[in-house]
Amino acid sequence: MKKIAVIYYSRSGNTEAMARLVEEGASSPGDVQVDVHAVGDIIPDKVLEYDGIIMGSPTYYGSMAGELKKFLDGTVQFHGRLEGKVGGAFSSAANTGGGNETTVTDILKAMLVHGMVIQGNPKGDHYGPVSINKPDSRVKDQCRDLGKRVAELVKKVT
Ligand SMILES: Cc1cc2nc3c(=O)[nH]c(=O)nc-3n(C[C@H](O)[C@H](O)[C@H](O)COP(=O)(O)O)c2cc1C
């Protein structure tokens, strides 16, 4: 069975709520195991077990939280071995224009450096779901959609 990890950092629960919705969407096509991990509860080596890796972070000064960056930096020890895995990212910020898209693209850039496969979204949030504080009904749909799209792509390409 294909496996997807949803890995997030969250201090006040907004990004965690998004992670749970991404999990729901990734589980919806079936035949895929989806595991959700807070970044402090998983060591970088564990990502080798997954076919799809989706990461979420609050926006801190226009980029990802240091905790998630540290986790990503820890993946250098197996650089090259994530090639061909499917990636995705999401973020919560406090303000419109507060940098949540730059946070998402920063996470995606790290995934691209790893050689991972990223699918944009021509209809919804183009780079990945972005929320202002806790997810509203629009963001909830975007999060579920990201999970579903990653699960479907994992089945096709991995
Ligand atoms: C250190 C720090 C830096 C932040 N920087 C930004 C920022 O640049 N832009 C923004 O809109 N919100 C910023 N915020 C607000 C958080 O992104 C926002 O509250 C988010 O929803 C928190 O997510 P969480 O509940 O998952 O921790 C910052 C918060 C903290 C603590």
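Figure 1. N14 is found in helix α1, where helices (H or I, at least four residues) and strands (E, at least two) are DSSP runs numbered from the N terminus. The model is predicted: local features need pLDDT of at least 70 and side-chain atom pairs count only at pLDDT 80 or more, whereas totals for chains, interfaces and linings use all residues. Residues are numbered from 1 along each chain as its sequence is written, and side-chain values use heavy atoms, with hydrogens and water left out. With a relative accessible area of 18%, N14 is buried; buried means under 20% relative accessible area, exposed over 50% and partly exposed in between (1.4 Å probe, protein chains only). Beyond its neighbours within four places in sequence, N14 is in contact with S92, N133, K134 and P135, contact meaning heavy atoms within 4.5 Å. N14 and N133 are 119 residues apart in sequence, yet their C-alpha atoms are 5.9 Å apart in space. The side chain of N14 also reaches the backbone nitrogen of K134 at 3.5 Å. This is a polar contact, defined as a pair of N or O atoms within 3.5 Å; within protein, one must be able to donate a hydrogen and the other to accept it, and residues adjacent in sequence count only if both atoms are side-chain atoms.

Figure 2. K134 is found in the loop between β7 (130-132) and α4. At 62% relative accessibility, K134 counts as exposed. Its C-alpha atom is separated by 7.3 Å from that of S92, 42 residues apart along the chain. At the start of α4, a side-chain oxygen of D136 reaches to within 3.2 Å of the backbone nitrogen of R138. Helix α4 (residues 137-157) has 21 residues and reaches 30 Å from its first C-alpha to its last, close to the 30 Å expected at 1.5 Å a residue; the expected span is 1.5 Å times one less than the number of residues. The buried residues of α4 are V139, Q142, C143, L146, G147, V150, A151, L153 and V154. An α-helix has 3.6 residues a turn, so residues three or four places apart point the same way.

**Figure 3. The ligand site.** Of the 17 residues around the ligand, S10, S12, T15, T59 and S92 come nearest; a residue is included if one of its heavy atoms lies within 4 Å of the ligand. Oxygen atoms of the ligand lie 2.7 Å from a backbone N or O atom of T59 and 3.0 Å from a backbone N or O atom of N95. A ligand nitrogen atom is 2.8 Å from a polar backbone atom of G98. Taken alone the ligand exposes 650 Å², of which the protein buries 78%; areas come from the Shrake-Rupley method with a 1.4 Å probe, and for residues only the protein chains shown count as cover.

**Figure 4. G99 in the loop between β5 (86-93) and α3.** G99 is buried, with a relative accessible area of 17%. Leaving aside neighbours within four places in sequence, G99 is in contact with T59 and G62. The C-alpha atoms of G99 and Y60 are separated by 8.3 Å, although these residues are 39 apart along the chain.

**Figure 5. The largest nonpolar core.** This core has 23 residues, of which I7, V47, I53, M55, F71, I107 and M111 touch the most other members. A nonpolar core is a set of buried Ala, Val, Leu, Ile, Met, Phe, Trp, Tyr and Cys residues joined through side-chain atoms within 4.5 Å. Two or more residues come from each of β1 (2-8), β3 (52-60), α2 (66-73) and α3 (100-113), and the largest share, four residues, comes from α3.

**Figure 6. T75 in the loop between α2 and β5.** T75 counts as buried, at 3% relative accessibility. Its side chain reaches the backbone oxygen of L72 at 2.4 Å. The side chain of T75 also makes a polar contact with the side chain of H114 (2.8 Å).

**Figure 7. Two residues with positive phi.** D31 lies in the loop between α1 (14-27) and β2 (32-38) and has a positive phi of about 60 degrees although it is not a glycine. D31 is exposed, with a relative accessible area of 61%. Y61, in the loop between β3 and β4 (63-64), has a positive phi of about 50 degrees and is likewise not a glycine. Y61 is exposed, with a relative accessible area of 90%.
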